[in-house]
Structures are given as structure tokens and as C-alpha cells.
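Please have your viewer ready.

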Amino acid sequence: MMPSQCLSLVFLFTILQVVAGTDVSIIGGKEAKKLKPWLVSIQLKHRHVCGGTLIHEQWVLTAAHCKNFLKPIKSVTVLLGALSLKNSKNTQRIKVQSYEIPQKFSVETKQNDIMLLKLQEKVQLKRKNVKVIRLPKSGKDIPTGTKCEVSGWGTTSVEVVRSSDMLREVEVEVVSRELCNCYYDKKPFITQDMLCAGNKEQKKDACWGDSGGPLICQKSMVGLVSGGNGCGDPQKPGVYTLLSKKHLFWINTILKKQ
């Protein structure tokens, strides 16, 4: 895309932001009223480091860059069925046995930022607070403007990097790849296996500690938090790994091998 086209796209989106308003809010939005039975907290020595999603009785889906927090692996656990990280009532804590990441994962480009954690034992699926989420079968793209939700226990402040005790959630909107590539100057380059989503208001975004958590659009998981540049800047939308055909094929291949 030509620089002039990028400027036009950015200008148009900026005008839309002004019309929508820029009220300051907390990173991560609001406290979740109900727990999300498929959402897990990945923890190192009982401290939250990343989010994840239970996709099988013994497998959790998260972001590949979270592997930096999985050392030593014997100290990594996942907490399931939690709303508050401090309240362990009716929760399950299971050790992580191993992890799988794509060979072509790149920290720099954020491509293939996806990882599977194998748990040491199967989760006890409970009717209310622990469930497996169904992944999409087709891997379809998500149209620009689609309203989605992201949730996690990530930090509630850009200035203080500290995980939230209570689960929080925020609404984001899918941003076109063209506009997102303009914002990021193609660093990273947003491919068809990636997605951008943000909020027109300042400081409403996923942030540190939300990595690996699910992106839910129209009650279906379509991606997971990969990262971005800072948190809560409307002109730096969150970058997500899309559950594309390629990524779904990789997930199913790993599960079938096991």
C-alpha cells in the first residue's frame, strides 16, 4: 500500500475516534461477572504469567512467546475454574508436562505465535466451572468491524506491570489488515494468519499477562492474544493469532499424534 493511502486510512480512522470519544478507562475493561469455564491462568511458581484456553481434557492453547515464562517446566501449572486468582474454591490446579510450538514461530514477526501445553493429567470436567471450548472447523477470516471480546488476568495499568486478581474483559473491534499494517509500518507485517483488533477509546485493550488468552467473536473462539506495541493505544491495535486453516491443521495434527 502506498504511503498516501496509509495516511488517508489513518486520517479517516482518527476522525472516527474523535466522533466516538476518548474516555480514559482501565486496561482490560471491566471485571467479569461470571467465570469463563474454558479460560485458564498459566502460572510459574503460582504466579500468573499468561492466559490460555482449555481445548481438550489434557491440552491448553496459548501463545508461543509465553514459552519464555515456562522455565523450569516443573514449576509451571495451570489454574482452571477461577474468577479470582486468590480464591481457590472450586478450582483445579494441574502441572504442565510439556509444550509444542510450530517450527516456524518467530518472536520478531509474531508469525505462528501459537503453542499447545500438555497437562500431566486430564482435567476433571465440571458442569459449571470447567469446560472445554470448541474450536472453529473452517478457519474462516473475521470481517473488519466485527465486535469481539478478550479477557484475562493481565495488568490493569500500563505504568505498573502487575497481574489482576479478578478476571477482566473488554470489547474490541476487528481492524482491517491494511490499516493495521499502516499503523505498524508492517513491523510486524499482519498476514492472513493474524488479526488486529482494538478499541476506539484510549486504554481499552489486552495488556501484559493477557498473552495467549482467547479472542471471542460472536460466541466463538477465533484467535488468541499475541501482542502489539504497548497497551490501549487506538493507533496500535492488539495483534492476534488467527485460528486460520493453517493453525487449526497444526493443532489437530499435534492432538492426533498424542
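What follows covers the overall fold and then the disulfides.

This is a predicted model, where local features need pLDDT of at least 70, side-chain atom pairs count only at pLDDT 80 or more, and totals for chains, interfaces and linings use all residues. Residues are numbered from 1 along each chain as its sequence is written, and side-chain values use heavy atoms, with hydrogens and water left out.

The protein has three helices and 13 strands, taken as DSSP runs (H or I, at least four residues, for helices; E, at least two, for strands). Of its 258 residues, 52% are buried, meaning under 20% relative accessible area with a 1.4 Å probe, protein chains only.

How many disulfides does the rule give? The count is three, with a disulfide being a pair of cysteine sulfur atoms within 2.5 Å.

| Pair | S to S distance |
|---|---|
| Cys50 and Cys66 | 2.1 Å |
| Cys148 and Cys217 | 2.0 Å |
| Cys180 and Cys196 | 1.9 Å |

Cys50 sits in strand β3 (residues 47-56) and Cys66 in the loop between β4 (59-62) and β5 (76-80), so this pair ties together parts 16 residues apart in sequence. The link of Cys50 and Cys66 is left-handed, at -95° about the S-S bond, and both cysteines are buried.

The disulfide of Cys148 and Cys217 is right-handed because its S-S torsion is about 100°. Since Cys148 lies in strand β8 (residues 147-152) and Cys217 in strand β11 (residues 214-217), the pair ties together parts 69 residues apart in sequence.

Cys180 and Cys196 make a left-handed link, with -70° about the S-S bond. Cys180 belongs to helix α2 (residues 177-184) and Cys196 to strand β10 (residues 194-198).

How values were computed: Buried < 20%, exposed > 50% of the residue type's maximum accessible area, 1.4 Å probe, protein only.
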